Amino acid sequence: TTLPQIDAAVQERAAAAGATLLALQSNHEGTLIDFLQAEGWDADGIIINPGALTHYGLALRDALASLSAPIIEVHLSNVYKREAFRHTSVVAPVATGQIAGLGWRGYMLALEWLLGEAPPAAAKDS
């Protein structure tokens with residue numbers, strides 16, 4: 001399953017639920033941080049696959065920690081079945097939850113949880 005296919009499936013589900021979903025893929029930590037700082041303040045939820053930044057992306061972790069939206073960390077593979085250095089996530093302590101090892105469906109599960117569990121932005125502000 002390609003990233004455009006994953007994006008299309010998740011976008012379709014979000015639209016069916018009446019939700020707006022913004023998607024970004026970048027291999028550059030600064031680009032991800034800039035996006036979070038521009039869009040994250042108004043988000044009702046964040047789904048992120050930090051890739052290798054999971055293990056050392058402290059600036060990304062800090063950007064996520066500054067937001068009030070629930071954060072779901074997603075990994076296609078089961079990182080706990082891989083090399084030992086992949087078992088530690090600097091993102092996990094600021095995430096609401098983590099989904100690993102369920103392939104592309106992890107993104108859909110994260111969206112479903114956010115659609116059903118995440119409080120609306122207006123409720124968080126009151």
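1. Partly exposed here means a relative accessible area between the buried limit of under 20% and the exposed limit of over 50%. R13 has a relative accessible area of 27%, so R13 is partly exposed. The model is a predicted one.

2. R13 takes part in a salt bridge with E112, the side chains meeting at 2.4 Å, N to O. R13 belongs to helix 1 (residues 3-16) and E112 to helix 5 (residues 105-117), so this pair ties together parts that are 99 residues apart in sequence. E112 counts as partly exposed because its relative accessibility is 33%.

3. Four salt bridges are found in a search of the whole structure. Among them are two made by E83: one with R86 at 2.5 Å, N to O, and one with R82 at 3.9 Å, N to O. Through shared partners, R82, E83 and R86 are joined into one network.

4. R86 is buried, because its relative accessible area is 19% and the limit for buried is under 20%.

5. On helix packing, helix 2 (residues 29-39) packs with helix 4 (residues 58-65) at an angle of about 5°, and their axes are 9 Å apart. Helix 2 is therefore roughly parallel to helix 4. From helix 2, the residues E29, L32, I33 and L36 meet L58, A59, L60, A63 and L64 of helix 4. By class, this contact has eight nonpolar residues, one charged residue and no polar residues.

Note on methods:
Residues numbered from 1 in each chain as written. Predicted model: local features only at pLDDT ≥ 70, side-chain atom pairs only at ≥ 80, totals over all residues. Heavy atoms only, no water. Axes fitted to C-alpha atoms, helices over the stretch in contact; angles between N-to-C directions. Helix = DSSP H or I, 4+ residues; strand = E, 2+ residues; numbered from the N terminus. Parallel < 35°, antiparallel > 145°, perpendicular 65-115°, else oblique. Contact = heavy atoms within 4.5 Å. Nonpolar A, V, L, I, M, F, W, Y, C, P; charged D, E, K, R; others polar. Buried < 20%, exposed > 50% of the residue type's maximum accessible area, 1.4 Å probe, protein only.
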